[in-house]
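Please examine the sequence and the three-dimensional structure shown below. The explanation that follows should be read alongside them.

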Amino acid sequence: MGLYLLDYGAGNVQSLANSLISLGYTFEWIKDTSDFAKATSLIFPGVGAFETAISHLASRGLLQPLREYILSGKPYFGICIGMQVLFEASAEASSPGLGVIPCPIQKFDDEDKSVPHMGWNTADLVNVTSSSSNEDTEGVDASSYYYFVHSFCAKYNPDLHPDAMRWVHSTTQYGQEIFVSSVRRGNVFATQFHPEKSGKAGLALLEEWLRKPESAHTYAPSAPLVARAPKPKHNLTKRIVACMDVRANDQGDLVVTKGDQYDVREKTTAAETAGAVRNLGKPVSLAARYYQAGADELCLLNITSFRHSPLQDQPMLAVVRAAAECVFVPLTIGGGIKDSVDPDGTKRSALEVAGAYFRAGADKVSIGSEAVYAVERFRETGRTDRTGAIESIAEVYGKQAVVVSIDPRRVYVDPGTYDGPYKAELVHGQADGAEHERGKAWWYQCTVSGGRESRPLSAVQLARGVEQLGAGEILVNSIDRDGTGLGFDLALVNLIKKSVKIPVVASSGAGAAAHFVDVFNGTEVEAALAAGIFHREEVGIAEVKQQMKAAGINVRDSA
């Protein structure tokens with residue numbers, strides 16, 4: 001077959017290419033308009049913002065040829081933005097879509113849930129019965145979980161948009177909203193979820209579409225209009241994230257390390273002098289191991305590089321590329337995502353740095369200290385010029401691509417006399433809580449530079465500020481709990497979760513599988529992250545998920 005991939009110029013399209021290569025398929029990239037005529041099958045793995053996708057396609061002269069290709073009757077497979085551009089318009093953009101499907105893309109309601117919709121959810125088939133074969137489903141399995149990450153969707157409404165709903169192949173529920181998770185009609189098949197990031201289930205779906213003769217993708221019938229009443233609870237799972245702190249050791253090799261209170265060197269003598277950098281494994285091999293073990297996401301944090309030239313830090317870019325070739329779940333990269341200047345005077349924007357990592361295979365970037373400074377400026381001036389790291393990356397790639405990692409520590413105050421600016425944010429130790437917390441009160445102060453410097457900003461102020469600036473997810477670390485194995489700081493996690501309407505990931509302190517159950521039962525957090533206990537194999541990801549499942553927490557079973 002003449003299989004072509006369309007790259008509109010932004011976002012992580014390399015992951016789909018890696019998936020196809022792993023399945024043994026060859027393909028070409030659409031390089032100019034003449035390639036559309038050569039293509040006998042086309043996949044458009046769009047990642048990012050609707051406006052960016054449409055404007056990039058138009059500026060490169062690819063928009064009209066794409067429309068003509070779809071209308072030609074040749075097989076088309078769209079992913080995420082590759083599905084959304086089929087619709088007539090989006091609330092995310094001023095530019096119209098292709099108008100193939102006559103209804104608009106709308107924003108999720110955030111009244112009863114976090115937005116973006118981020119994580120693993122199911123797809124309920126509309127136009128086939130439970131006894132139908134894969135020939136009828138295009139490989140969509142109603143019993144499998146697929147990875148979603150989006151703030152905008154096509155809402156399923158047969159009464160309002162009957163013609164458009166004739167395209168619907170499957171729906172998904174998030175909160176109490178039901179939206180279109182895949183479409184299939186004639187030569188068109190498209191998914192809102194990312195099969196290339198959906199582990200074994202996603203690879204099986206891609207394989208199903210690819211193995212069929214091209215003629216089988218040209219005659220899908222219209223779907224029936226069916227009633228879809230929301231279920232009491234959606235199927236979005238809680239996510240387990242494996243994190244790897246990556247740095248160069250004294251020999252210059254990149255290793256995964258972990259420290260207590262950010263100290264990553266071994267203690268070598270009774271006087272506890274610093275030894276070699278703690279080496280817990282190679283980043284790519286560990287990433288592959290965690291993927292096979294069933295991690296829902298992976299996070300690579302570069303904790304020492306990017307000192308002067310982030311785009312010349314080729315070893316870390318190489319790590320991301322290599323990891324993306326064997327890991328088919330979402331990958332976050334952090335460390336140095338900021339404006340910088342090369343030694344030769346060349347200026348590099350945070351957007352440029354993030355773009356390099358997206359092109360290498362990352363799905364999200366994590367921003368730390370720079371987010372604190374950005375919120376301080378925002379609070380001081382009350383405005384933003386949209387050029388900061390969070391705003392600029394979110395505008396091009398979508399807010400779902402921007403994670404802000406916060407590192408707060410407790411500041412204890414007199415619970416009876418404190419009347420300072422953080423009075424409304426005070427946390428009080430419970431009478432039945434940890435003994436060292438009883439009768440005490442504290443607020444959480446932000447830090448930068450890996451916890452080495454405190455800033456006059458609270459964790460709540462930071463969380464609300466980055467949400468306003470455009471972050472799509474917050475990773476909550478706890479300096480006080482890091483490396484202790486005492487469990488997540490539930491008070492901190494609850495405080496942040498109740499302050500924002502975007503997804504939150506709990507981090508720091510996990511020492512047992514039961515601690516994951518505690519954080520999901522004790523807070524509304526969407527995900528929980530651990531590092532050292534996984535690296536040292538003190539706790540396995542499968543063990544964590546088994547205990548979560550036994551506790552009635554919705555979880556994805558395997559990779």
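The model is a predicted one. Three strands form an open sheet in the order S5-S6-S10, and their pairing is mixed. Strand S5 (87-90) and strand S10 (152-153) are the edge strands, each pairing on one side only. Strand S6 (residues 101-107) runs antiparallel to S10, to which 2 bridges join it. Gln 106 has Cys 153 of S10 as its bridge partner.

Aromatic side chains form 17 pairs in the model. In one of these, the ring centres of Phe 77 and Phe 189 are 5.0 Å apart and the planes stand at 50 degrees, so the pair is tilted. Because Phe 77 belongs to strand S4 (residues 76-80) and Phe 189 to strand S13 (residues 188-191), the pair ties together parts that are 112 residues apart in sequence. Phe 77 counts as buried, at 1% relative accessibility, and Phe 189 is buried with a relative accessible area of 1%. Phe 516 and Phe 534 form a stacked pair, 6.1 Å centre to centre with 15 degrees between the planes.

Helix H14 (residues 459-469) and helix H15 (residues 490-497) have axes that come within 9 Å and cross at roughly 35 degrees. Their crossing is right-handed. Ala 459, Val 460 and Ala 463 of H14 make the contact with Leu 492, Leu 495 and Ile 496 of H15. The contact residues comprise 6 nonpolar, no polar and no charged.

Definitions and conventions: Residues are numbered from 1 along each chain as its sequence is written. This is a predicted model: local features need pLDDT of at least 70, side-chain atom pairs count only at pLDDT 80 or more; totals for chains, interfaces and linings use all residues. Side-chain values use heavy atoms; hydrogens and water are left out. Axes are lines fitted to C-alpha atoms, for helices over the stretch in contact, and angles run from 0 to 180 degrees between N-to-C directions. Helices (H or I, at least four residues) and strands (E, at least two) are DSSP runs, numbered from the N terminus. A crossing is left-handed if the near helix is turned anticlockwise from the far one by less than a right angle, and right-handed if clockwise. Contact means heavy atoms within 4.5 Å. Ala, Val, Leu, Ile, Met, Phe, Trp, Tyr, Cys and Pro count as nonpolar, Asp, Glu, Lys and Arg as charged, and the others, Gly among them, as polar. Two strands pair if DSSP finds at least two bridges between them. Rings of Phe, Tyr and Trp (its six-membered ring) pair if their centres lie within 6.5 Å; planes under 30 degrees apart count as stacked, over 60 as edge-to-face and the rest as tilted. Buried means under 20% relative accessible area, exposed over 50%, partly exposed in between (1.4 Å probe, protein chains only).
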